[in-house]
Amino acid sequence: MTGTSAFFLRREDLVPLLEELAETLEVVAPVLVEGEAAFATWRGGALALDDKNPLASPMEFFLPKKEVLFRYVQYSGRYTFSEDPPRARLIFGMRPCDLQALKVIDGIFGAELPDIPYAGRRRSTIIVALNCTSPGEGCFCRSMGSGPGAEGGYDLLLTDLGRGYLVEPGSPAGVYILRAHQRHFEEADPEDQREKERLLALAGEEIIKRGPSLNPEKIREAIDGVDWEEAGRRCLACGGCSLVCPVCHCFSVLDQGVPDGERLRCRDTCILSGFSRMTSGANPRPALGERLRHWYLDKFVYIPEKTGLFGCVGCGRCSRVCLGEVDRWSLFKEAAE
Amino acid sequence: MKMDRSKKEADANGGTKIGRAAGAKPESYLPIQAEVVDIDVESSNTYLLSLRPMDEEDELVAVNYSPGQFLMVSVFGLGECPISIASSPTREPLQICVREAGKITQGIMAARVGDVLGIRGPFGNGFPVGSMRGKNVLIAGGGSGFATLRSLINYIADDRRDFRDVTVVYGARTSQDLYFTSEYGSWQAAKIEVGITVDMMDASWKGNVGLVTSLLADLDPVPGTAALCGPPMMIRAVARDLLGRGFIEPEIYISLERHMKCGVGKCEHCTMGRYHVCTNGPIFSYDVVGDLI
Amino acid sequence: MEKIATICVYCGCGCGLFLHVEDGRIVGASPSPAHPVSRGRLCVKGWLAADFVHHPDRLKTPLVRKGGRMVRGSWDEVLSLTARRFKEIREESGPDALAVLTSAKGTNEENYLLAKLARAALKTNNVDHVARLCHAPSVAGLGFALGSGGMTNPIRSLLSSGAILVTGSNTTEQHPLVAAHILEAQSRGATLIVVDPRRTQMAQLADIHLAPRLGTDVSWTNGILNLIIDLGLVDEDFIIKRTEGFSALKDLVVQYTPVEVERITGIPSGDLEKAAVAFGEADRAAVVYAMGTTQHSCGTDNVLALANLVLATGNVGRDGTGIYPLRGHQNVQGACDMGALPSVYPGYQKVEDPAARERMEAAWGTDLPAEPGLTAVEMMEAAEEGRLKGVYISGENPMISYPDRDQVMRALSSLEFLAVADIFPTETTALADVVLPVASFAEKDGTFTSTERRVQRVRRAASPPGEARPEVEVAADLLRRLGVDADYASPEEVMAEISSVTPSYGGISYQRLGISGLSWPCPSRDHPGTEILHQGSFPIGRGRFSAVEQQELAEDLDYPLLLTTGRSLFHFHTGTMTRRTHLLDRERPKAAVDINPADAAALGVRSGTMVVVESATGSLEIEARLTEEVPVGTVYIPFHFAEAPANQLTARTLDPTSKIPGLKRTPVRIRRAE
Ligand SMILES: Cc1cc2nc3c(=O)[nH]c(=O)nc-3n(C[C@H](O)[C@H](O)[C@H](O)COP(=O)(O)OP(=O)(O)OC[C@H]3O[C@@H](n4cnc5c(N)ncnc54)[C@H](O)[C@@H]3O)c2cc1C
Ligand code: SF4
Ligand code: SF4
Ligand code: FES
């Protein structure tokens, strides 16, 4: 087997392959929970790959909603600290948009003064991505250049061709998996590769047809024209838009326990006023509208300046969760044309 | 030895990049432990704490910083918050000046000599002390923002010949709220002009009453480079005044405060437009942030 | 990582969510996309629903008071002590010296067993819970008018409304998912009418906002009805076929002319007309209300007046219509359904009805008391007077949530024996003789019944801390120790018993409760549940109008301002959970009294000034917050904060029918603190 070629995995071989992988690693995959697809530890059985990308992004396996940064134990006035080592995981079925989010976060948490817990999890996680051949309703990855096909950033990439999956390695770890589990794979037919291209082109058209078609450059320009005060009036401050976004990464830190305890870090949201409120009570972004504006500026101006990538990957999740009927992307009607 | 090294570090760090002390791993969220070795009461709600890193390998933290940088200080069980370094790297010990604001600051102030606090850092860019050399320096502080300026003043005082005219103006609410009163004499001795004012008159106060800007009118500092820290209102007024005197925007440095959680540009609490105050600041020149404050 | 589907612990919306569990620890929550209410969305409390679960303050071991100090005890020790003391008090002073306060935070199974504990084991009907403080007027008022105190339609039904009248509900903050549905209906073209003295976010988003003086709800409601009658917008057909008592009402409301209403309420007559036209003309109109309507000493009248409005316009029994009493707690509906009320058994069967009593006696295999028991606030009075001697309180914090805090303190301290079950230490556990550490919503199995009567499964996602146990086990254990059979292998078996004795839950079983749950009445195993009530008829035959009049409003020159209390978006109730949720606590870290800038100027008060708020009942010191959300003459204090307990000020003036205290209108005065 060589590193660059493509392989074919028959449908019925997928579960046996995962079973083998699960012997040494925790396998995380979309499974059905009360009828809904959600990323969770796979414990055998059916996978929920036909559903749209789960609402809770697998980014939480890199930036957990809550994690212990370290534990402190006090002994006669001095402290000793302990940290948990990252766990070895394989994430199966990560979609191109979420993969793109990972690249953006690499540019923030992986760059200059890398965030150690993130870097640790990044290193110990194997990513098996899955191209989107039947995109969801609110998806606009194509506008953001993040899908429906993945480009790099994965260890293995799968494309559902109906009878089975086209499998392409993207890293030495991916090649290693292909080698170690050879018997499940066969050499792909050149026709398979063409079939993949065809399906992705179709999916791309589908997205343009029904999803919001947005031009990020125009959004950037349009931000200042939006009536943010009005948008802020409808916002119910649920924080959902940032808590669900795979790119949003802000966090807060808190201690729990005296004299021994844990320093925790938890996901935060800049939609809340306490996020930026200062000791004096003064707040640089006192109104909801200003906070919403900051949210967009960060995604379309500041993050691109920092990472060269947009801070939105077009997964559409923020619109799905918005409680206030803030029609999040129609704010930019002009930009859509 | 130590002093030379710290001077180089400070000059190199200041105004350019994120500070990084040899012993500390700034990217780790694990603090190092520092013992409180002395506590001075600056005012009824403000203490000056002297700290000494407990592990030998962390000792450099106590000298490898530049004026204007800050630490993330932990009280385990209560949390961590940003506190400016109040001492100068030219003098040990490392000092912080803490004013009661809430849970964590109260926790820091409850520490007694011998107790252990956690520290991470130093963080932030610090004042561009390298480029301040050879210039006239005006230092203007208001309220509790004076702590970070004291670091700069002592740094300059210890290397006085390298700087031209140095003027300090400082205002607080009442005479009881003035910090570092015992040091003004030593600054004056080092040929630093010092003007002090308070907002509210009281029986024990014989000095100026009024705004910091009124001191500027009296002292009439020669244009050069300026370092400002204090409440936004005061900063705006002083900056405007200085511009009127012929100071130029890129030479007016302002130390800013924002809500901070990580200190390393990740948590996004301290964002101010495209800047992270924790890594791009907290010192910004007026031409960069003038319209943001 | 596991994802466990369960129901949110906070408000009555009953949102479905997933708890994310890593190594036995709950690390996060996310909305359930398929759930009929949440539909992939949650409010900020929901997103952070389980954040408090692993807080180090959790009660982990049973505690017992010994020589004035609370010391660690074993479960066996505290439960046998509790059982023994209850028996002794019953022998010395009779069963009515005992009482049980159940919890709207508990599951149906827990409420059922605790109500059974009171009735079958302690032999008293002294059982009640927090519903007294929120929706007793709905149970009384809607029970009289429509035959059921429940919300008539599911939340989703609002999406088909043409007009929605929201009153006494700060919906965006208190029931955000209901608000989301209302706003969605509005963007589909529905007219939103908000009647609220405060300029809440809901009021700001309304098409028509009426701001009446506090306590004048009957007047504006009658006024709107009068206009609707005048304009010929009543549903004559519906009135004739399905109701009774309209003519008496009609004769009464003619007095409520727009001019008269303007005089009483301060609502400009033109605005009242606009509201009447919008509501009357809509083909499908709905009324949504909450504690701002019920927490008055005329709470039942307020509810009856609103019921008149929907009956007269025929807005009952169809999609998009109906009356929506929004339940505050996630399971206040269930606690009522389970008979955690002094006058009814599960399913609202009256204890005074001999037939019902016989049925329950047969089911529980013991004789039961016939007299209705004491309500929650009456219990506090009885305790202070020494008539009540032993109380079991489950997960409630009356020290903060009940009116007249000093009296509650006196009442609870004068008890001979107080057992309190909770997840965190509270001002109430501090007064207990035994403290029972129990499981939080994320650590137990069971069901909650949401404000839309939707019975839904709650699932255990983590183990309770230390020795804490699900309260369903604690209640069963106490039942056994008091001589009642209670060998339930699981909460599921308790539900089987519930469905056998509760006609409206007759068809409910765990197997049948999928992602959407089942709405009661669901009388049999093949019944699909009832989302919309009163479709063809009312349980009482005909809907009843009542001619309710405006109550005289006492004005007190010594106390020129009116205080109203409530909750904020970021906290829940007495804050035991939300104040231990980092982001929520940070959002509103301290109590403040909201004052209109005009009033503040007259008082010489600025934002951040400390002020003293005094009422005839008590006083407290609190920071002032200036906001136009409250009108001139009205001030507002959220009641979450133990350090500034709003209920230090409220009085115990009770509604004569439902015995709810008038928490929403207290005359006060304000001065700067020294
Ligand atoms: C660069 C920098 C340097 C500082 N230097 C000093 C100093 O030398 N001496 C000193 O006494 N104080 C200093 N502060 C302020 C100090 O960090 C805050 O007073 C402290 O974080 C308050 O925490 P607390 O737990 O005591 O109060 P809390 O009870 O947490 O909060 C009180 C108020 O402060 C706000 N707040 C909470 N956390 C932060 C935070 N991390 N940053 C800013 N505001 C926050 C809250 O929103 C709240 O309104 C500095 C702040 C910054 C950003
Ligand atoms: S901004 Fe919205 S659409 Fe873009 S990545 Fe975030 S959640 Fe997805
Ligand atoms: S999801 Fe919508 S309602 Fe919620 S905070 Fe974001 S903009 Fe506001
Ligand atoms: S403090 Fe975290 S980004 Fe600046």
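User: Which residue does Arg87(A) form a salt bridge with?

Analyst: Arg87(A) pairs with Asp23(C), and their closest N and O atoms are 2.8 Å apart. A salt bridge here is a side-chain nitrogen of Lys or Arg within 4 Å of a carboxyl oxygen of Asp or Glu. Arg87(A) lies in the loop between strand 5 and strand 6 (89-94) of chain A, and Asp23(C) in the loop between strand 2 (16-22) and strand 3 (25-31) of chain C, so the pair joins two chains. Strands (E, at least two residues) and helices (H or I, at least four) are DSSP runs, numbered from the N terminus.

User: What kind of model is this?

Analyst: This is a predicted model, where local features need pLDDT of at least 70, side-chain atom pairs count only at pLDDT 80 or more, and totals for chains, interfaces and linings use all residues. Residues are numbered from 1 along each chain as its sequence is written, chains are lettered from A and ligands numbered from 1 in the order in which they are written, and side-chain values use heavy atoms, with hydrogens and water left out.

User: Back to that pair. Is Asp23(C) buried or exposed?

Analyst: Asp23(C) is exposed, at 63% relative accessibility, while Arg87(A) is partly exposed at 33%. Buried means under 20% relative accessible area, exposed over 50%, and partly exposed in between (1.4 Å probe, protein chains only).

User: Which residues are joined with Arg87(A) and Asp23(C) into one network?

Analyst: Glu26(A), Arg89(A) and Glu22(C) belong to that network, through salt bridges that share partners.

User: How much area do chain A and chain C bury between them?

Analyst: About 4000 Å², 53% of it on carbon and sulfur atoms. Buried area is the accessible area (1.4 Å probe) that two parts lose on being put together, summed over both. Glu34(A), Lys66(A) and Leu323(A) supply 16% of the area that chain A buries against chain C, more than any other three residues.

User: How many residues of chain A are in contact with chain C?

Analyst: 50 residues of chain A touch 49 residues of chain C, where contact means heavy atoms within 4.5 Å. The count of salt bridges between these chains is eight. Strand 3 of chain A gives the most to its side, with five residues.

User: New topic. Where is Asn596(C)?

Analyst: Asn596(C) is in the loop between strand 24 (592-595) and helix 23 (597-603) of chain C. Asn596(C) counts as buried, at 9% relative accessibility. Leaving aside neighbours within four places in sequence, Asn596(C) is in contact with Thr627(C), Glu628(C), Val630(C), Pro631(C) and Val632(C).

User: And which residues are around ligand 2?

Analyst: Among them are Phe140(A), Trp295(A), Lys299(A), Arg317(A) and several cysteines: Cys245(A), Cys312(A), Cys315(A) and Cys318(A). A residue counts as near a molecule if one of its heavy atoms lies within 4 Å of it. Helix 10 (288-307) and helix 11 (317-321) of chain A each supply at least two residues of this shell.
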